Amino acid sequence: MKIYKYPKKETWKELCQRPEIELEFLESAVRNVLHRVSVSGDLALLSFTEQFDGVKIDSPEVSASELKAAEAGLSLELKKAIKIAAANIEKFHVAQRREEMKIETMPGVTCWRKAVGIEKVGIYIPGGSAPLFSTMLMLGIPAKLAGCKEIIVCSPPGKDGKINSAILFAARLTGATRIFKAGGAQAIAALSYGTESIPAVNKVFGPGNQYVTKAKQIVNMQGTAIDMPAGPSEVVVVADQYANTVFVAADLLSQAEHGPDSQVVLVTQTESQISKIQEEINLQLAKLSRKKVAEQALANSVVILLSSDDDVAAFVNEYAPEHLILNTRNCDELSNKIYNAGSVFLGPYSPESAGDYASGTNHTLPTNGFAKAYGGVSLESFMKYITYQKLTEQGIRALGPTVEIMALAEQLDGHKESITVRLRSLQ
């Protein structure tokens with residue numbers, strides 16, 4: 001990790017840059033995949049599966065027998081853990097439902113909004129280097145609660161031609177309609193354009209690598225809605241002089257092991273903590289099964305030494321992290337100064353892993369600075385709101401003249417006349 005001591009504010013923007021693939025190559029590669037799938041459908045999809053996932057499959061759809069076998073093959077301990085996490089996630093998301101309220105804006109004029117589940121949603125579950133079955137819970141549960149009629153899941157197969165058993169169990173548990181063996185940008189293409197096997201959806205959800213994120217951004221411009229730009233994962237850990245260095249190192253490594261293009265950032269006001277945390281990182285790193293991945297991420301990561309809480313908060317807001325851990329004694333006070341973050345973890349006993357899996361909050365969050373404008377996935381992400389209005393005779397009499405005046409001022413005579421003919425009929 002590179003150390004920056006008291007960097008000037010004019011350098012912060014550069015320090016907040018995430019590691020990324022050369023943009024011109026990335027976009028051209030993704031556009032090629034999207035085009036081939038849009039033109040050739042399943043044929044292109046299966047070809048990409050063989051090319052990128054290293055396995056040849058005859059059909060992308062997961063069968064009922066595969067689902068049963070996946071459930072039977074999981075340990076009771078893991079199934080129990082998944083169910084506990086699912087219950088917490090459901091409890092948190094159920095509480096997000098809004099009561100339908102009818103508002104009388106003036107006598108005889110009533111307005112309201114009605115929440116309706118998006119009819120067809122696509123859920124992308126990463127499964128290459130790490131099978132993220134937890135993401136299936138995070139997206140499948142609110143989709144079901146929202147009342148989405150079709151929940152289509154795509155996840156890449158392993159070398160055995162099968163999707164990870166825990167992903168399949170979570171998909172079945174959360175009520176997925178259909179599940180397909182497709183990964184990467186080609187899965188986003190299939191969900192957006194549709195193929196002979198995979199139906200096109202109205203909105204695509206799910207995190208992924210830079211190829212997946214770029215594919216989502218491109219199809220979004222073409223008319224398919226997406227949840228948010230959610231690419232390679234990242235964390236900022238703020239640690240004070242009282243922070244347990246073992247905890248801090250573990251939190252940094254838990255994020256670094258996601259992928260080589262993940263980024264971890266340590267922010268502190270205590271210079272003596274830096275060397276202690278780095279020593280602890282080296283000790284824990286040696287024990288990780290994904291050591292090489294974490295090492296690559298750490299090479300692109302930074303330590304920022306600052307001089308005040310105000311500077312810490314300002315730097316965090318400039319970075320706008322996906323995950324923010326405030327391991328400080330004044331974490332509650334400091335959190336009030338933060339307005340750009342995907343999800344915040346307060347105090348020494350709130351590791352990011354709790355939110356990643358089972359506390360109840362959603363772990364599908366904006367990355368790469370998009371937390372400045374986006375929030376994480378919620379129940380409402382799977383809904384749209386239809387507005388209604390109903391005017392009585394009293395209402396049109398009261399409101400009509402106002403609309404007539406405004407319509408004439410905008411030179412829209414037809415708008416005025418739609419009011420006038422009604423007012424005349426009531427004379």
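Which residues does Ala 187 touch, not counting residues up to four places away in sequence? The answer is Leu 45, Tyr 124, Cys 154 and Ala 182, where contact means heavy atoms within 4.5 Å.

## Basis of the model

This is a predicted model, in which local features need pLDDT of at least 70 and side-chain atom pairs count only at pLDDT 80 or more, while totals for chains, interfaces and linings use all residues. Residues are numbered from 1 along each chain as its sequence is written, and side-chain values use heavy atoms, with hydrogens and water left out.

## The chain as a whole

The chain has 17 helices and 14 strands; these are DSSP runs numbered from the N terminus, with helices (H or I) of at least four residues and strands (E) of at least two. Its C-alpha atoms fill a box of roughly 85 × 60 × 45 Å, taken along the principal axes.

Of the 427 residues, 50% count as buried, a term that means under 20% relative accessible area, with exposed meaning over 50% and partly exposed lying in between (1.4 Å probe, protein chains only). Among the contacts with a separation of 6 or more, 75% come from residues 24 or more positions apart.

An open sheet of 5 strands is ordered S6-S5-S4-S7-S8, with parallel pairing; two strands pair if DSSP finds at least two bridges between them. Strand S6 (178-181) and strand S8 (225-226) stand at the edges, and each has a single partner strand, so one side of each is left without a neighbour in the sheet. Strand S5 (residues 150-155) is joined to S6 by 4 bridges, the two running parallel, and Cys 154 has Phe 180 in S6 as its bridge partner.

Cys 154 is also one of the residues touched by Ala 187, whose place is in helix H8 (residues 184-193).

## Thr 213 in helix H9

Thr 213 has its place in helix H9 (residues 210-221) and is buried, with a relative accessible area of 11%. Leaving aside neighbours within four places in sequence, Thr 213 is in contact with Gly 208, Pro 229, Ala 230 and Gly 231.

Strand S2 (residues 102-106) is hardly covered, as the count of buried residues among its 5 residues is 0. S2 pairs with strand S3 (residues 109-117) in the antiparallel sense over 4 bridges, and Lys 102 stands opposite Trp 112 in S3. The two strands form a hairpin with 2 residues between them, and Gly 108 in the turn has a positive phi of about 85°.

## Helices H5 and H6

Helix H5 (residues 76-94) and helix H6 (residues 133-146) pack at an angle of about 40°, with their axes 10 Å apart; the axes are lines fitted to C-alpha atoms over the stretch in contact, and angles run from 0 to 180 degrees between N-to-C directions. The two helices are therefore oblique to each other, the class left when angles under 35 degrees count as roughly parallel, over 145 as roughly antiparallel and 65 to 115 as roughly perpendicular.

The contact is made by residues including Leu 78, Ile 82 and Glu 90 of H5, and Phe 133, Met 138 and Leu 145 of H6. The residues of this contact divide into 12 nonpolar, 1 polar and 1 charged, where Ala, Val, Leu, Ile, Met, Phe, Trp, Tyr, Cys and Pro count as nonpolar, Asp, Glu, Lys and Arg as charged, and the others, Gly among them, as polar.
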